[in-house]
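Visitor: I would like to learn how to read a few local features in a model. Please take them one at a time.

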Amino acid sequence: MFNVTPPILPASGTFGYGYEYCDLLDYNTLGAVVTKGITRYARAGNKQPRLFEIKDGLINSVGLENVGVDFFASDIMPKLARLNKKIIVNVAGFSISEFDYILRKLNKFTEITAYEINLSCPNVTEGGISWQTDLGRLNKLAYSLPKVTKKILLYKISPFHNILNIVTPLRDAGAKYMTIGNTLPVLYFEGQDKKRGGISGHVLKYFAQLAVDKVREKFDDLTIIACGGIKSIEDIRKYKSLGAEYFEIGTALFSNPAIFKMINEGGLSEI
Amino acid sequence: MLYIKCRIIKSARLTGNISLLRLDLGVRLNAEAGQFLNFYFNGAILPRPFTIFEEHDEFVDVLVKNRGEFSNKLCELSLASEIYILGPSGSGLPSPSLDNCLISGGIGLASFKKLVDYNETSKFELFSFFSEKEELKLMEYFRGSNILQNAVIDDNRDKMIKFFKQKDFSRYEKIYICVPKQVYKSVWDYIPSSAMVSFDERIGCGLGSCLGCTIITKSGQKKICKDGPFLQKGEILYV
């Protein structure tokens, strides 16, 4: 069963591999560490610029830069093991066989309490979006992953208007945990150049709140981890009222590195 | 690395659009030359980086050029106003040799202050390009006997670009460059491979975790906020 205390977590992509904040944060203010997306092979990510600030949010086009699962297993996991913290590894595969490889590679690490299956990274040209638009393929993935691992599987989805079309085949295949939601795909202009990225922050909150509400309305047996624009204890209260039980904080960490401490001290234990 | 609240104890307008801010951090940072602080203020999503110009015990000075809403409002803050900073960020400049060339555009010379002050036995030839005549005042901070100054008024960057194209860098053992991104991109082929160039990318987390500021080099991914902002030109695969 998924159980982390306190019920707040960093959103994948904002917290590095998980050890980078050691000198700055009290890790007791987090329920677990969530790593950035790990892929089968190392990825260099997109060219600069990768960040585009807007008034109420952020657009990023990092492009799933990461060291790849082999290096992650050999060099990064020993560092994470020393944190004495539950680890959730965000996993991004471009095929079922890639997910299979990554999970089998990491299964041996008892520190990893769950995999967060990244179905929705909008910054790559393959894999990310296609999982959520090809529901047959998605259903196959959801049936195959529990055969590869006994660890908990959280499915991270973008808060699209048709989220129930995505959640239903996952639940039919036995999925119990949903992270709602990842960034939403957008197009923006950097000067004269058009670019695609994922939008996050305050503006995402309204999409994510609707998505959480829809999923909870339809399914009362799924555990929902809310993610999208959380920057205050009030945001958490609202998501909780909609049916979320855990909460990921991402973009807000950039404008306030002390946000986990602030939320813990702002009455989290009473929620 | 610290994330702390600090007070503005001095805000001096040096020119029409450049100010010096002094912050009381309450602690000594002992930052290295070229390191910077990330400023959190005005509800901005991303922090803004400012080079550590000088330190006086627990006080830190930064130079701020009015470029937009963030910097404008920062310079308008009254004394005793409090803001948050994260730092010191970046890896600092490598030690200079005996004969060094420094090239700066505008307040880019802030990166070199600690370098020249803490290396009195090294010689520095400083080439500073300014868009307005009153910015020449900044050269007063670089009057050490180990510094040979060359200041140029260059309102459209033409002179800076021409300088790079024509300059013979061979007699310098080390070269440090802090100029606007559009300039270093346009003169990239004329910058010596050994030169340390300050890269200008948007900062996300400020401590090397979000990979928002990564650039790709021959020896792997480098994060501007942690491995930079100065990186060796010859290492960079593309700008």
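Visitor: Is D57(B) buried, partly exposed or exposed, and what is its relative accessible area?

Guide: Buried means under 20% relative accessible area, exposed over 50%, and partly exposed in between, with a 1.4 Å probe and protein chains only. D57(B) has a relative accessible area of 46%, so it is partly exposed. This residue lies in the loop between β5 (54–56) and β6 (59–65) of chain B. Helices (H or I, at least four residues) and strands (E, at least two) are DSSP runs, numbered from the N terminus. D57(B) also has a positive phi of about 55°, although it is not a glycine.

Visitor: Where does A80(B) lie?

Guide: A80(B) is in the loop between α1 (69–76) and β7 (82–89) of chain B. A80(B) is not a glycine, yet its phi is positive, about 80°. With a relative accessible area of 46%, A80(B) is partly exposed.

Visitor: What kind of model is this, and which conventions apply?

Guide: This is a predicted model, in which local features need pLDDT of at least 70 and side-chain atom pairs count only at pLDDT 80 or more, while totals for chains, interfaces and linings use all residues. Residues are numbered from 1 along each chain as its sequence is written, chains are lettered from A and ligands numbered from 1 in the order in which they are written, and side-chain values use heavy atoms, with hydrogens and water left out.

Visitor: What is the average pLDDT of chain B?

Guide: pLDDT is the predictor's confidence in each residue, from 0 to 100. Where pLDDT is low, the predicted coordinates should not be read in detail. Chain B averages 96, and 100% of its residues score at least 70. For the complex, the predictor gives an ipTM of 0.94 and a pTM of 0.95.

Visitor: Which peptide bonds are cis?

Guide: One of them runs from Q48(A) to P49(A), with omega near -5°. P49(A) is found in the loop between β2 (33–34) and β3 (51–54) of chain A. The peptide bond from G228(B) to P229(B) is also cis, with omega near 0°. P229(B) is in the loop between β14 (220–223) and β15 (230–232) of chain B.

Visitor: At what angle do helix α1 and helix α2 of chain A pack?

Guide: Two packed helices are described by the angle between their axes and the distance between the axes. Helix α1 (residues 69–81) and helix α2 (residues 96–106) of chain A pack at about 10°, with axes 10 Å apart. Therefore α1(A) and α2(A) are roughly parallel. The contact (heavy atoms within 4.5 Å) involves V69(A), D70(A), F72(A) and A73(A) of α1(A), and Y101(A), I102(A), K105(A) and L106(A) of α2(A).

Visitor: How many aromatic pairs does the structure hold?

Guide: A pair of aromatic rings is described by the distance of the centres and the angle of the planes. Rings of Phe, Tyr and Trp (its six-membered ring) pair if their centres lie within 6.5 Å; planes under 30 degrees apart count as stacked, over 60 as edge-to-face and the rest as tilted. There are 23 aromatic pairs over all chains. Among them, Y3(B) and Y40(B) are edge-to-face, 5.2 Å centre to centre with 90° between the planes. This pair links distant parts of the chain, with Y3(B) in strand β1 (residues 2–13) and Y40(B) in strand β3 (residues 36–40) of chain B, 37 residues apart. Y3(B) and Y40(B) are buried.

Methods:
Axes are lines fitted to C-alpha atoms, for helices over the stretch in contact, and angles run from 0 to 180 degrees between N-to-C directions. Angles under 35 degrees count as roughly parallel, over 145 as roughly antiparallel, 65 to 115 as roughly perpendicular and the rest as oblique.
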